[in-house]
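Biologist: Please walk me through this one. I'll keep asking how you know what you tell me.

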Amino acid sequence: MKDNNCGYCMRGELLEQFGIYICELDVSSLILFKEQSHPGRCIVAYKDHVSEIVNISDDDRNAFFADVNRAAKAIHAAFHPDKINYGAYGDTGCHLHMHLVPKYRDSFEWGGVFAMNPGKKYLTEQEYSEMIQKIKANL
């Protein structure tokens, strides 16, 4: 099931407003969040346009969390954060997804809740490409 107004479903220009597609995982897509105040920040988006975790089977829920775990391990290996914050919201987009937000001691927002889109740090295409290659190398 797809929604024509959803960046996670349709990709293209809708996704490019906030993220860059990295790859498919078992039941989800891995996306690099363009705003990189937290180096390595990604999104794991479930394969179908469902709003809630309770809308998928137990097997798919377990596979979704396995995808989140796989992405988190890759982020830890590639960027060495001190902690990853996990955020699952979706009040507006209504597509099951989770933000993986690396946090670094003595850095931006350490010790507090992460801002959804602080709008402070965007990278060049080359820098995004290098980040994506680091993540893919550790998946």
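Biologist: Where is Asp 106 found?

Modeller: Asp 106 sits in the loop between β5 and α4. Those names come from DSSP runs, numbered from the N terminus: helices are H or I with at least four residues, strands are E with at least two. Mind that this is a predicted model, where local features need pLDDT of at least 70 and side-chain atom pairs count only at pLDDT 80 or more, while totals for chains, interfaces and linings use all residues. Residues are numbered from 1 along each chain as its sequence is written, and side-chain values use heavy atoms, leaving out hydrogens and water.

Biologist: What makes Asp 106 exposed rather than buried?

Modeller: Its relative accessible area is 81%. Exposed means over 50%, buried means under 20%, and partly exposed is in between (1.4 Å probe, protein chains only). At 81%, Asp 106 therefore counts as exposed.

Biologist: Why is β5 called largely enclosed?

Modeller: Because 7 of the 7 residues of β5 are buried. His 97, His 99, Val 101 and Lys 103 point one way from β5, whereas Met 98, Leu 100 and Pro 102 point the other way. In a regular strand the side chains alternate between the two faces of the sheet.

Biologist: How do you know that β3 and β5 pair?

Modeller: Two strands pair if DSSP finds at least two bridges between them. β3 and β5 have 4 bridges, in the antiparallel sense, so they pass. Cys 42 stands opposite Leu 100 in β5. Strand β4 (residues 83-87) is joined to β5 by 5 bridges, again antiparallel, and Asn 85 has Val 101 as its bridge partner in β5.

Biologist: Why is the pair of Tyr 46 and Phe 64 called what it is?

Modeller: Rings of Phe, Tyr and Trp (its six-membered ring) pair if their centres lie within 6.5 Å; planes under 30 degrees apart count as stacked, over 60 as edge-to-face and the rest as tilted. The rings of Tyr 46 and Phe 64 have centres 6.2 Å apart and planes at 80°, so this one is edge-to-face. Tyr 46 lies in strand β3 (residues 42-46) and Phe 64 in helix α3 (residues 58-79), so the pair ties together parts 18 residues apart in sequence. Phe 64 and Phe 65 are edge-to-face too, with centres 5.7 Å apart and planes at 70°. Phe 64 is buried at 1% relative accessibility, while Phe 65, at 40%, is partly exposed. Ring pairs link Tyr 46, Phe 64 and Phe 65 into a cluster.

Biologist: What makes a set of residues a nonpolar core?

Modeller: The members are buried Ala, Val, Leu, Ile, Met, Phe, Trp, Tyr and Cys residues, joined through side-chain atoms within 4.5 Å. The largest one has 31 residues, and those with the most contacts inside it include Val 44, Phe 64 and Leu 100. Its largest share, 9 residues, comes from α3. A second, separate core of 8 residues includes Cys 6, Tyr 8, Leu 15 and Phe 33.

Biologist: How many disulfides does a search of the whole structure find?

Modeller: The search finds 0. A disulfide is a pair of cysteine sulfur atoms within 2.5 Å. For Cys 6, the nearest cysteine sulfur is that of Cys 9, 3.8 Å away, so Cys 6 is in no disulfide. For Cys 23, the nearest is that of Cys 42, at 9.2 Å, and Cys 23 is in no disulfide either. Cys 6, with 6% relative accessibility, is buried, and Cys 23 is buried at 14%.
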